[in-house]
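Here is a quick tour of a two-chain model, from its contact surface to a few spots inside each chain. Have the sequence and the structure open as you read.

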Amino acid sequence: MNTLFDKRVVSFFYRFRTSFLISLSIFGPATITAMADNDAAGVATYSLVGAKFGYSILFVLLIITFLLAITQEMGVRIAIVTGKGLGDIIRERFGVKMAVLVFTSLFIANTGTLIANFAAIKITGSLFNLPALVLILLIIIASFLFVVKGNYRTNQNIFLISALFYICYIVSAFKAKPDWGLALTSVVIPRNLTFSRDFVFASIAVLGTTITPWGQFFVQSYVLDKKLTIKNLRFSQVETYFGAFITNFFSFFMIVATAATLFAYKIPLVSGEQAALAIKPFAGELASTLFGFGIFNAGFMGIVVISLTTAYAFSEFFGFEGSLDAPFTKGGLFYGIFLFQLIIPALIVMSPSISLFTIVFFTQSLNGILLPVMFFFLLQTSNNKEIMGKYINKRWYNYFAVIASAVIVVAVIFTIVANLFF
Amino acid sequence: MLYFSELEGKRIYTEDRIEVGALEDIIFVASANPVVSKLVIRTLKKTKLILPFSYVLHIGITIVIKKAYLIGELTENELFIKKNLLDKQIIDIGGNKIVRVNDVSIQEKVTTNLYELYITGVDVGLLGVLRRLGIESLVLRFLRIFNYNLTSDFLPWGDIQPLELSRGKVKLKITDNKLQNIRPEDLADYLEQTNEKNVRKFLNILDKNFSSEVVENLNINYQRDLIQYWEPKKSASVIESIQPDEAVDILLAISKKKRDEILSLVNEKTKKELMHLIGLSRTSIGRFITSEYLTVSPIDTTRKVIDQIKKETREFSFIAAIYVVNTDKQLVGVFNLHDLLLNEWDTPVYKFMVQNLIEIRITTPIEIAIRKILRYRLPALPVVDKDKHILGILTFDHITEYMTKRLDN
């Protein structure tokens with residue numbers, strides 16, 4: 001009796017250990033994609049909305065978490081079931097003309113997002129009296145070496161370590177001594193929601209920085225590069241939800257850090273990038289430095305992931321081997337596109353005569369236009385029985401997905417129209 | 001040579017100019033011999049219609065089909081160009097991603113009683129993408145300003161596994177490091193080589209009619225090699241089923257011993273006819289041929305060819321056909337002045353040259369040559385040596401001269 005019990009315990013632990021190890025081996029793509037959504041431009045946005053609207057904006061995070069989880073899950077499922085990236089699917093199912101249109105837009109939009117990231121690094125660098133040019137050069141060299149030299153595994157590990165560094169926002173938030181009760185309840189209960197134009201804009205900005213066209217491309221390609229198969233589907237789906245949660249978990253602390261300081265003391269913030277320095281008088285030296293370091297880290301992750309997205313997407317378009325595991329000789333074009341996508345925005349940021357505001361606005365609009373198109377592809381594909389077999393969207397899930405897409409599309413159209421005409 | 005992207009959307013009319021619709025897709029037989037078997041037409045009422053290719057009369061600016069056509073249906077082993085091939089990922093034998101199918105190249109095969117289309121390969125170059133977007137000539141013209149010429153990259157059909165295609169995969173027979181895309185202008189040459197290889201390979205499994213057809217369409221040098229290589233019995237059965245003058249031409253090019261051996265196995269009726277033709281004349285065509293002919297390169301544009309005609313053919317007494325030779329000076333194509341005038345200034349000649357050449361040898365008797373000229377209604381015949389180098393041409397003018405003399409005697 002006793003031995004049987006022992007055996008059961010042992011086998012339970014054994015099974016638990018195996019499934020835990022399997023989980024670990026699958027873990028990565030969805031979390032990294034979600035974390036990369038909190039790029040430097042994202043951090044800047046969270047800081048800004050936190051400073052402007054305080055805890056009340058936290059409620060928006062809850063909605064965004066669900067939206068992100070649903071859209072990313074569709075991408076992961078399509079990638080695992082079909083073995084194809086979003087780029088492959090667009091080219092094969094929607095033709096070469098549509099593909100060229102989407103890919104050109106993606107390249108331009110990614111260039112814009114990268115400019116925003118480089119700019120965030122440049123501004124934060126100068127606030128801490130660091131030479132911007134050297135910083136950007138270092139980031140380019142580091143990213144290129146790490147993508148060309150490393151394989152998928154090393155890349156993923158570096159991304160995961162980078163993701164860990166987001167903990168510095170938790171420290172910053174604690175140092176800011178926020179009203180935790182109010183902060184936590186604000187997430188689930190809408191408080192002090194003011195449906196002013198600015199608030200709606202801020203909410204949409206948060207949405208736009210979290211749910212992105214490049215994120216949709218990246219998650220699929222990255223899942224494929226990891227060579228996950230159908231038996232990993234279940235766990236990958238769980239990971240996607242986890243990724244969406246953890247990302248917004250960190251976003252929560254970013255907002256709290258500025259809400260507890262700048263909002264509480266009614267300090268106006270011109271741009272999100274200045275947040276690191278602005279919170280210093282209230283949260284102290286450590287919080288401020290960590291906040292700044294967080295922006296570098298987020299910028300690095302965002303820059304690599306977005307450049308990789310372009311490289312993956314164009315490899316899929318032309319059909320050549322696009323993988324981090326490919327040797328340089330074979331993946332030359334893949335790495336070439338990566339480098340090209342990395343350098344162009346860096347050059348633009350370095351030129352003194354650019355209007356960052358115009359570029360960011362243009363990028364956001366373009367991303368906004370691309371998002372509904374992406375969702376059209378995602379919904380079309382994930383509802384196609386011929387492609388997905390038994391893994392097509394469940395009925396209730398599909399309603400949810402359609403509503404989620406509709407919410408995002410309406411929000412995006414609203415911003416663009418409002419920005420253009422008011 | 002045609003591209004699918006150039007055919008897609010072409011309007012389709014019956015011979016009495018009634019519009020049927022536009023070309024939507026092309027159906028082909030997924031085999032080593034990828035013949036176009038049907039067309040998918042989007043009719044004016046927006047319905048789809050499958051038309052067997054045998055009803056197609058002509059493909060030009062529009063597609064002309066027979067008045068009384070019947071509708072076909074998809075049979076086993078048939079695939080669609082657009083649905084199953086275009087834009088698909090090409091993988092090598094090891095499953096590595098190589099490139100995508102950017103366009104599909106199609107060759108017309110015209111003989112007196114046969115009009116066929118077959119797929120020659122897939123375009124995997126950037127030019128294919130540009131062509132699909134409709135900006136090919138724009139980009140080419142722009143690049144020409146910088147004296148840069150972009151040409152397509154091709155994967156010949158022979159490198160693709162037709163069986164895997166039916167399973168939804170465009171898989172190559174080779175590994176990716178062996179991959180050597182060829183230029184479209186060299187395609188004709190390549191196809192002949194693979195044809196010969198295929199014929200040898202399928203030697204024993206091909207049915208008699210098909211093998212005769214293949215032999216008839218081969219370059220004359222390959223014809224001779226095959227007849228020499230085969231068992232006399234097999235040779236005899238092929239000789240029986242091909243055109244008598246073609247047969248005589250081949251027989252005269254092989255040793256007398258082998259010839260007699262084969263002839264002894266041919267049935268009485270054909271043998272009599274062949275013997276008659278062989279006995280007709282031993283006059284070699286050597287003294288009838290002329291060196292007044294023009295050769296151009298496959299990548300020359302019509303503009304360049306017309307310039308060349310103006311410069312180099314001033315002294316010529318007769319010019320009807322222009323011959324295309326590759327970098328090794330081998331004859332790979334031919335086109336006439338009408339073809340030249342119909343095409344745009346910037347079109348390279350490989351796009352419209354006829355790759356399926358009718359040639360003769362220096363040993364070919366004049367009578368056989370005359371029969372060939374009359375049968376195929378050609379203004380001239382090129383005379384080639386065993387390396388496919390052009391030695392001279394026999395023109396309709398010379399034949400008229402010869403026949404006038406014969407009549408006078």
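A residue is called buried here if its relative accessible area is under 20%, exposed if over 50%, and partly exposed in between (1.4 Å probe, protein chains only). By that rule Arg131(B) is buried, because its relative accessibility is 8%.

A bit of housekeeping: this is a predicted model, where local features need pLDDT of at least 70, side-chain atom pairs count only at pLDDT 80 or more, and totals for chains, interfaces and linings use all residues. Residues are numbered from 1 along each chain as its sequence is written, chains are lettered from A and ligands numbered from 1 in the order in which they are written, and side-chain values use heavy atoms, with hydrogens and water left out.

Chain B has 16 helices and 19 strands (DSSP runs numbered from the N terminus: H or I of at least four residues for helices, E of at least two for strands). Of its 409 residues, 54% count as buried.

Now for the salt bridges, meaning a side-chain nitrogen of Lys or Arg within 4 Å of a carboxyl oxygen of Asp or Glu. Over all chains the count is 24. Here are some of them:

| Pair | Closest N and O atoms |
|---|---|
| Asp103(B) and Arg131(B) | 2.7 Å |
| Arg131(B) and Asp123(B) | 3.0 Å |
| Arg361(B) and Asp249(B) | 3.5 Å |

Arg361(B) sits in the loop between α14 and α15 of chain B and Asp249(B) in helix α10 (residues 244-253), so this pair links parts 112 residues apart in sequence. Both Arg361(B) and Asp249(B) are buried.

**Where the chains meet**

The contact (heavy atoms within 4.5 Å) uses 15 residues from chain B and 14 residues from chain A. Together the chains bury about 1300 Å², 48% of it on carbon and sulfur atoms; that buried area is the accessible area (1.4 Å probe) that two parts lose on being put together, summed over both. Lys97(B), Arg100(B) and Leu133(B) provide 43% of what chain B buries against chain A, more than any other three residues.

How many salt bridges are there between chain B and chain A? The count is three. Arg91(A) and Asp87(B) make a salt bridge through their side chains, 2.7 Å from N to O. On chain B's side of the contact, β10 (97-100) and α3 (126-133) are the elements that give two or more residues.

**Inside chain A**

Helix α15 of chain A covers residues 285-318. An expected span is 1.5 Å times one less than the number of residues, so its 34 residues should span 50 Å, which agrees with the 50 Å between its end C-alpha atoms. Of those 34 residues, 28 are buried. Just after α15(A), Gly319(A) has a positive phi of about 80 degrees.

Ser143(A) lies in helix α6 (residues 132-149) of chain A and counts as buried, at 0% relative accessibility. A polar atom of its side chain lies 2.4 Å from the backbone oxygen of Ile139(A). Setting aside neighbours within four places in sequence, Ser143(A) is in contact with Phe300(A), Val304(A), Phe338(A) and Leu342(A).

Conventions: Polar contact = N/O pair within 3.5 Å; in protein donor to acceptor, adjacent residues only side chain to side chain.
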